[in-house]
Amino acid sequence: RAVLELIGVEYAYTRTPALRGVELHVDAGEVVAVTGPSGCGKSTLLHVAAGILPAQLGVVRLLGYDLTALSEAQRAALRRRDVGVVLQFGQLVPDLAAVENVALPLLLDGWARGRALRAAAGWLDRVGIGQERDTLAAELSGGESQRVAVARALVTEPEIVFADEPTGSLDQAGGFELLELLVGEAGEGGVAVVIVTHDRDVAARADREVRLLDGRLDMARLTR
Ligand code: ADP
Ligand code: ADP
C-alpha cells in the first residue's frame, strides 16, 4: 500500500526548476533515504512531498489525499494530524519547554492539556531525553533539539515521517542518531520514513536510496 506517490512533479523557485519530473512511490513502513549533492533538490522534494510547498506540476498523493486538490490550510491540518515532519531549522518554539513543544500538535488537535503533556513526556522518554522535559527549547543543544523534534513528529502517531537531516559540522553523528531513532520507532510502529541525508551510512541503513541530480532522479541508481 502506497503512503506517498509523486508523479511527474515539478517545482521551481525561480526560472531554473529545482525538481523536474520526479517520480517516487513509498509503501507503508518503508524507509527511504533521499541523497545527492548539495543544491540538487533534496529539501525541495521533502517540502513538496510533505505538502509544505505546493507542486507546480504533477501529482502528490499523501496518505490517499491528492495534495494538489487541497488548500494550504487543509494540507497543514493533514500534516499536523497524520504526518510527522522534522526540519532543519526553526521548528521548536524557543520559549516553550521541551515537553510543551512536543505536546503542541496534540493541543492544536484539541487534546486536554494534562493528557497531551503526559503523552509528550512519554515520547521524550522514548527518544532518551526525559530529563530535559522542563528545559526551554532555547536552552537545548542542537542534538537535544533534534530529539525533541523527533518526539514531536511522532507524538501524533503518524503513518509517515519526513526528516531533513542536520548537516552542520557540529552534528557529524547527529544524522545517524536521528535515523536510528526514526527507524527504531518506525520499525515498531510500521511508520514510513523519508529522510534527506548527506551521510552514506544513513543512506545504507534505509530500505531504499533515491538519488537526485539537478532536480531529477538519477536513473543509474534506480535499479538498486
Ligand atoms: P538540497 O536540499 O539538495 O541542497 P534544495 O532543495 O535546498 O537542494 O535546493 C534546490 C535548488 O533550489 C538549489 O539550486 C537552491 O539554490 C534552490 N533554492 C532552494 N530554496 C530556494 C529558495 N527559497 N529560493 C530560491 N531558490 C531556492
Ligand atoms: P540543504 O542543502 O541542507 O538543503 P540549504 O543550505 O540548501 O540546505 O538551504 C537552507 C535554506 O535556504 C532552505 O530554507 C532553502 O529553502 C534556502 N535556500 C537555499 N537556496 C536558496 C536560494 N538560492 N535562494 C533563497 N533561499 C535558498
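I began with the contacts (heavy atoms within 4.5 Å): in this predicted model, residues 24 or more positions apart account for 69% of the protein's contacts with a separation of 6 or more.

A note on conventions: residues are numbered from 1 along each chain as its sequence is written, while chains are lettered from A and ligands numbered from 1 in the order in which they are written. Because the model is predicted, local features need pLDDT of at least 70, side-chain atom pairs count only at pLDDT 80 or more, and totals for chains, interfaces and linings use all residues; side-chain values use heavy atoms, with hydrogens and water left out.

Next I looked up overall size. The radius of gyration, taken over C-alpha atoms (globule rule: 2.2 Å times the number of residues to the power 0.38), is 17 Å, which agrees with the value near 17 Å for a compact globule of 224 residues. I found 49% of the 224 residues buried, meaning under 20% relative accessible area with a 1.4 Å probe, protein chains only.

Then I turned to the helices (DSSP runs of H or I, at least four residues) and strands (E, at least two), numbered from the N terminus. I noted 7 helices and 10 strands. Helix H1, residues 42-49, has 7 of its 8 residues buried, so it is largely enclosed by the rest of the structure. Among those buried are Leu45, Leu46 and Val48. Glycine 51 follows H1, with a positive phi near 80°.

Last, I checked ligand 2. Around it (a heavy atom within 4 Å) I listed Ser38, Ser43 and Gln88.

Technical notes: Buried < 20%, exposed > 50% of the residue type's maximum accessible area, 1.4 Å probe, protein only.
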